[in-house]
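Welcome to my notebook. I opened this structure and jotted down what I looked up.

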Amino acid sequence: EARAEDVVLDEKGIRMDMTNVYGLDCLTSLKRSILFDEPTGTMTLTDAFALDEEKHDVCERFITYGKVTVEDGCAVIRLNEQAIRVDYDPALFAPIVTPVTYSAHMGVKRQLFTLDFHAMVQGAFRACFTIRPVTAKKG
């Protein structure tokens, strides 16, 4: 059974070892942390990878019903009157947005978007995403 190990949940967030979740021989370590800053509404997702020495295409995927635009080192996801901003390292990742239509319950067609962050990497590296609400500009 593939599952996270050493899961720690506290007032700051959650941390876990996901090394065995994917069953990949090339992945020697994957530690994930999701930390929350309640006053600012910010969430930081960090994956610390250790891979073998060959190059691998690593993809971090977000799935959303909101429309996604990619702008200068961030992706903005908008749904109704709300928006969030996902900051990432543009030197590491090349984001790709893909619309996906699927049949939901009762055959209703729905559209969602995958936001894939691809990186060609080897050895150890950190993937960090800071997710925060976008506030409306006044005036």
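I began with the lining of the largest pocket: β5 gives it the largest share, seven residues. I noted that strands are DSSP E runs of at least two residues, numbered from the N terminus. A pocket here is an open set of points on a 1 Å grid over the protein atoms alone, where a 1.4 Å probe fits, with protein on both sides within 12 Å along at least five of seven lines; lining residues have an atom within 4 Å of a point.

I kept in mind that this is a predicted model, where local features need pLDDT of at least 70, side-chain atom pairs count only at pLDDT 80 or more, and totals for linings use all residues. Residues are numbered from 1 along each chain, and side-chain values use heavy atoms, without hydrogens and water.

Next I looked up who lines the largest pocket: 17 residues, with Y22, L30, F49, V58 and C59 nearest its centre. At least two lining residues each come from β3 (27–37), β4 (42–51) and β5 (56–64).

Then I followed β5 into its sheet. I found an open, antiparallel sheet of three strands, ordered β5-β10-β9. From one strand to the next, the twist averages 25°. (Strands pair if DSSP finds at least two bridges between them.) β5 and β10 (residues 109–121) share nine bridges, and I63 has T114 as its bridge partner in β10.

Last, I checked P99, which lies in β9 (residues 94–103). P99 and L51 are 30 Å apart, C-alpha to C-alpha.

How values were computed. Helix = DSSP H or I, 4+ residues; strand = E, 2+ residues; numbered from the N terminus. Axes fitted to C-alpha atoms, helices over the stretch in contact; angles between N-to-C directions.
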